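Colleague: Please put the model up, and then we can go through its local features.

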Amino acid sequence: MILVLTRDDDEHASHVVPLLRKRGAEVVRHDPASFPRSSRMAVAFERDGAAARRLDGLDLREVRSIWLRRPGEPVPHDFADPSVRAYVRDELRAFVGTSWDDPGPRTVPGGRRVIDHAARKQHQLPAAARAGLEIPATLITNDPEEFLGFYDRFHGKVITKPVHLPARGRLTRPVAPSEVGYAGALRYCPVIVQEYVDKRVELRVTVVGERVFAAEIDSQANHLTAHDSRDDRLGRTPYRPVRLPAAVERSCLVLTRALGLAYGAIDLIVTPDGRHVFLEINPNGQYLWVERRTGLPISEALCDLLLEEP
């Protein structure tokens, strides 16, 4: 049995689940956001420590692989007292969050704590450097003076990013000189500042187990995507599958393993002089858009991984 934990509207799961069933796999799809309103869970421990987990009557000891894709948060029932609702919400999250940490089944891309750790830039940047990838000079701070010193060091050619949570609709752009006057606002919230890296192309590298799929994104072919390939509002940016240099491919595998992940979506820049520079790794990054535009068989590789014996 393969357990897929994700939101009901997850397009990736809707694509992969039929592929798994076509191969004869028994697949259960579940969104933790349905707990406790429309689902039930139980975890029992015997005196010898043996554990049994049940989800809506299913014995989860039969699960061979878990795809921890994009699970929602449990939603408590409506309570008139806000303090009661907050208490129940925290209890639900504590119970459900640890229920998928069973060391038995293979978990893709990794357990909840592994994913949370790997997603943080403070961890992945030095890990990428240790894996042999070049990283941009980076500052994480809420100190306006530190920011201004970094800005001057790179003659104003810097970009900013959120520390952890993705900012909806926030694309990568160089910091404009007019924005420097608002540096004092950093006191209220830290930010990631990086040197701006000139690019020839961008790469989206998807690691699935021991397999690496690389797509070249010709972001410089369109002024809209010159700074960030996600700004492909016209859908005209050229994509093509590419083979990475052996050393870069090996570094991507080493980084993914070092972070404890079985899957990772890595963003790289290829500079005009041919250097490969690491930007980030997303433990649960999207890939369907790459597969559809390049023909790379990422979904089939993911099915292979989930069907392997742990």
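Modeller: A definition to begin: Ala, Val, Leu, Ile, Met, Phe, Trp, Tyr, Cys and Pro count as nonpolar, Asp, Glu, Lys and Arg as charged, and the others, Gly among them, as polar. The model is predicted, so local features need pLDDT of at least 70 and side-chain atom pairs pLDDT 80 or more, while totals for chains, interfaces and linings use all residues. Residues are numbered from 1 along each chain as its sequence is written, and side-chain values use heavy atoms, without hydrogens and water.

Colleague: How many charged residues are in the lining of the second largest cavity?

Modeller: A cavity is a set of points on a 1 Å grid where a 1.4 Å probe fits but cannot get out, and its lining residues have an atom within 4 Å of a point. W67, R69, Y263, N284, G285, Y287 and L302 line this one. By class they are four nonpolar, two polar and, for charged, one.

Colleague: Which residue does a cis peptide bond join to V108?

Modeller: Omega is about 5 degrees at this bond.

Colleague: What is the phi of D56?

Modeller: D56 lies in the loop between β4 (51-55) and β5 (58-59). D56 is not a glycine, yet its phi is positive, about 50 degrees.

Conventions: On a 1 Å grid over the protein atoms alone, a cavity is a set of points where a 1.4 Å probe fits but cannot get out, and a pocket is an open set with protein on both sides within 12 Å along at least five of seven lines; lining residues have an atom within 4 Å of a point. Helices (H or I, at least four residues) and strands (E, at least two) are DSSP runs, numbered from the N terminus.
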